Amino acid sequence: MKVLVSCANGSGTSLMMMRSVKKAFERLNIPITNIEHTSIAEGTSTAKQYDVVFTPMNFVNMFDDAKSKGVVVVGVKNILSDKEIEQRVREETDFVK
């Protein structure tokens, strides 16, 4: 699974959210082959290369192009909550059987 985590500047928020995504995926037994964190500007241009994108809720619409190409885009309210990320993965994807 190739995962992209994207926030406004691509530094603090996305790095913290990336750690939460890793924890959630470990609990869900979903293997991550590659995970990157980046800014929205870079993320929107590279998102099509990933299976799933995690971003704060207010940026979800910026990934509509990637979504139209089959990329799963997951919006997160609390970027520090691996439990919220786990719940959203269960609700919004078919990654968990």
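Which residues does V21 touch, not counting residues up to four places away in sequence? The legends below answer this and show the surroundings. This is a predicted model, in which local features need pLDDT of at least 70 and side-chain atom pairs count only at pLDDT 80 or more, while totals for chains, interfaces and linings use all residues. Residues are numbered from 1 along each chain as its sequence is written, and side-chain values use heavy atoms, with hydrogens and water left out.

**View 1. V21 and the largest nonpolar core.** V21 touches V3, V5, I35, F54 and I85, not counting residues up to four places away in sequence; contact means heavy atoms within 4.5 Å. The largest nonpolar core has 18 residues, and V21 and F54 have the most contacts inside it. A nonpolar core is a set of buried Ala, Val, Leu, Ile, Met, Phe, Trp, Tyr and Cys residues joined through side-chain atoms within 4.5 Å. Buried means under 20% relative accessible area, exposed means over 50%, and partly exposed lies in between (1.4 Å probe, protein chains only). Two or more residues of this core come from each of β1, α1, β3, β4 and α4. Helices (H or I, at least four residues) and strands (E, at least two) are DSSP runs, numbered from the N terminus. The largest share, five residues, comes from α1. Another core, of 11 residues, lies apart from this one and includes I40, Y50, V60 and V73. In soluble globular proteins, nonpolar side chains tend to be buried together.

**View 2. The aromatic pair F25 and F54.** A search of the whole structure finds one aromatic pair. F25 and F54 form this pair, which is edge-to-face, with 5.9 Å centre to centre and 75° between the planes. Rings of Phe, Tyr and Trp (its six-membered ring) pair if their centres lie within 6.5 Å; planes under 30 degrees apart count as stacked, over 60 as edge-to-face and the rest as tilted. The pair links distant parts of the chain, since F25 is in helix α1 (residues 12–27) and F54 is in strand β3 (residues 52–56), 29 residues apart. F25 is buried at a relative accessible area of 1%, and F54 is buried at 0%.

**View 3. The four-stranded sheet.** The strands of this open sheet have the order β2-β1-β3-β4, with parallel pairing. Two strands pair if DSSP finds at least two bridges between them. The edge strands, β2 (34–39) and β4 (72–76), each pair on one side only. From one strand to the next, the twist averages 20°. Axes are lines fitted to C-alpha atoms, for helices over the stretch in contact, and angles run from 0 to 180 degrees between N-to-C directions.

**View 4. Strand β3 and its neighbours.** Three bridges join β3 to strand β1 (residues 2–7), with V3 partnered by V52 and L4 by V53. β3 and β4 pair over five bridges, and T55 stands opposite G75 in β4. Five of the five residues of β3 are buried, so this strand is largely enclosed by the rest of the structure. V52, F54 and P56 lie on one side, and V53 and T55 on the other.

**View 5. Helices on the sheet.** α1 lies across β1, β2, β3 and β4, and runs at about 145° to β1. Helix α4 (residues 82–92) packs on the sheet, touching β3 and β4, and its direction makes about 140° with that of β4. Buried residues of α4 include I85 and V89.
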